[in-house]
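Here is a quick tour for anyone meeting this structure for the first time. Take a look at the sequence and the model, then read on.

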Amino acid sequence: MAVLWSCGALLLVCLCTAGADEGVVAEPTVVSNETSAVLTCNYTGNSPVQSHHWTRNGKTIEGTKKTSTDISMQHKLDKIDSNSGGVYACVFTTAGGDVKKKIEVKTKPHVGAYKHSEHGNEGDKGALVCVSHGYPLPTDWAWFKLVEGSEQAIENGTEKYEIKTMPNKTTLYIHDLDIERDVGDYGCRGANELGANSDQIHLRVRSRLAALWPFLGIVAEVVILIAIIFIYEKRRKPDEITDDDDSGAAPLKNDSATNHKDKNVRQRNSN
C-alpha cells in the first residue's frame with residue numbers, strides 16, 4: 001500500500017510507503033527562508049477517513065480538527081519565524097486507527113536577554129541570562145563584551161568568567177565584580193544549522209557603600225529626631241520651673257498678710 005504525502009514551503013512532495021495503515025516511514029523536513037508556507041498532506045490508504053487534524057510539537061492545533069472523509073488537508077503558516085517553527089504532523093483518523101506524517105519546520109533561533117539591564121554590587125558575583133525558543137534550539141552559544149564597538153569574545157572556565165549552557169538558556173557568571181572593568185554592554189549569541197541571532201545586556205556595578213546609603217539615611221533621621229526632642233525638652237523645663245516657683249510663693253504672701261491683719265485686730269481689741 002502506498003501513502004502519498006506532500007508538504008510545502010516550496011511544496012516538497014514525499015512518496016512514502018506504509019503497511020496496513022500502521023504509520024509512515026519517512027519524515028520530511030521543511031527548511032525554508034520563505035515568509036509563509038502551506039503544509040499539505042494527501043492520504044491514499046484503503047481504510048476510509050473519518051476525521052483529520054494538525055498537531056504542532058505533539059499538541060493539537062486549535063481549529064484544525066474536522067470530521068470529514070477528505071483525503072487531503074492543508075495548514076497555512078502566514079509567517080515563518082521562531083514562533084511558528086517546530087514539528088508539525090497531519091493526522092488522519094481512519095477505521096484502522098490514526099495515520100500521521102511529521103513535518104519539521106526549521107527556522108533560525110530566537111535569542112533574547114532575560115533582562116536587558118542588570119546590576120550588581122562591587123565584589124559580588126554577577127549573572128547575565130539569555131534564553132531562546134524556536135526549532136531547532138541553538139546548538140552553539142557564545143558570549144562577548146562590546147568594547148569600543150567591537151566584540152571581545154569571553155572564554156569559559158577562566159578565573160573571571162564562567163558560562164553554563166542548556167539548549168534553551170545560557171548564563172554568564174562574572175566573579176568579583178569590578179566597578180571600573182566590568183561595567184558595560186555584553187552580548188549573547190545562539191546559533192543552529194540555519195543561522196544565528198543575538199541580544200545585548202547592559203551591566204551596571206554599584207559601589208560597596210551603595211547598599212549602606214538607605215541604612216545611613218534612616219540612622220540620620222533618627223539622630224535628628226532625637227536632637228529635636230532633646231532641644232525642645234531643654235528649652236521647656238526652665239519655664240515650667242518658674243511657673244512652679246510663682247505658684248508656690250503666692251500662699252506664703254497670703255499667709256503673711258493674714259497673720260499681720262490678725263495681729264492688728266488683737267492689738268485693737270486689747271486697747
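## A word on pairing

Before we get to strands, one term: two strands count as paired if DSSP finds at least two bridges between them. Keep in mind, too, that this is a predicted model.

## The overall picture

So what is the protein built from? The chain has 271 residues, and 32% of them count as buried.

## A five-stranded sheet

Five strands form an open sheet with mixed pairing, in the order β12-β19-β18-β14-β15. At its edges sit β12 (117-121) and β15 (150-153), each of which pairs on one side only. Leaving direction aside, neighbouring strands of this sheet are turned by 35° against each other on average.

Let's zoom in on one pairing. Strand β14 covers residues 140-147 and β18 covers residues 184-192; the two run antiparallel and are joined by six bridges. Which residue of β18 is the bridge partner of F144? That would be G187.

## Rings and a charge

Aromatic pairs get a brief mention here: the structure holds one. There is also a charge over a ring, with K125 lying over the face of Y173 at 4.9 Å from the ring centre.

Definitions and conventions: Residues numbered from 1 in each chain as written. Predicted model: local features only at pLDDT ≥ 70, side-chain atom pairs only at ≥ 80, totals over all residues. Heavy atoms only, no water. Buried < 20%, exposed > 50% of the residue type's maximum accessible area, 1.4 Å probe, protein only. Helix = DSSP H or I, 4+ residues; strand = E, 2+ residues; numbered from the N terminus. Axes fitted to C-alpha atoms, helices over the stretch in contact; angles between N-to-C directions. Phe/Tyr/Trp six-rings, centres within 6.5 Å; stacked < 30°, edge-to-face > 60°. Lys NZ or Arg CZ within 6 Å of the ring centre and 35° of its normal.
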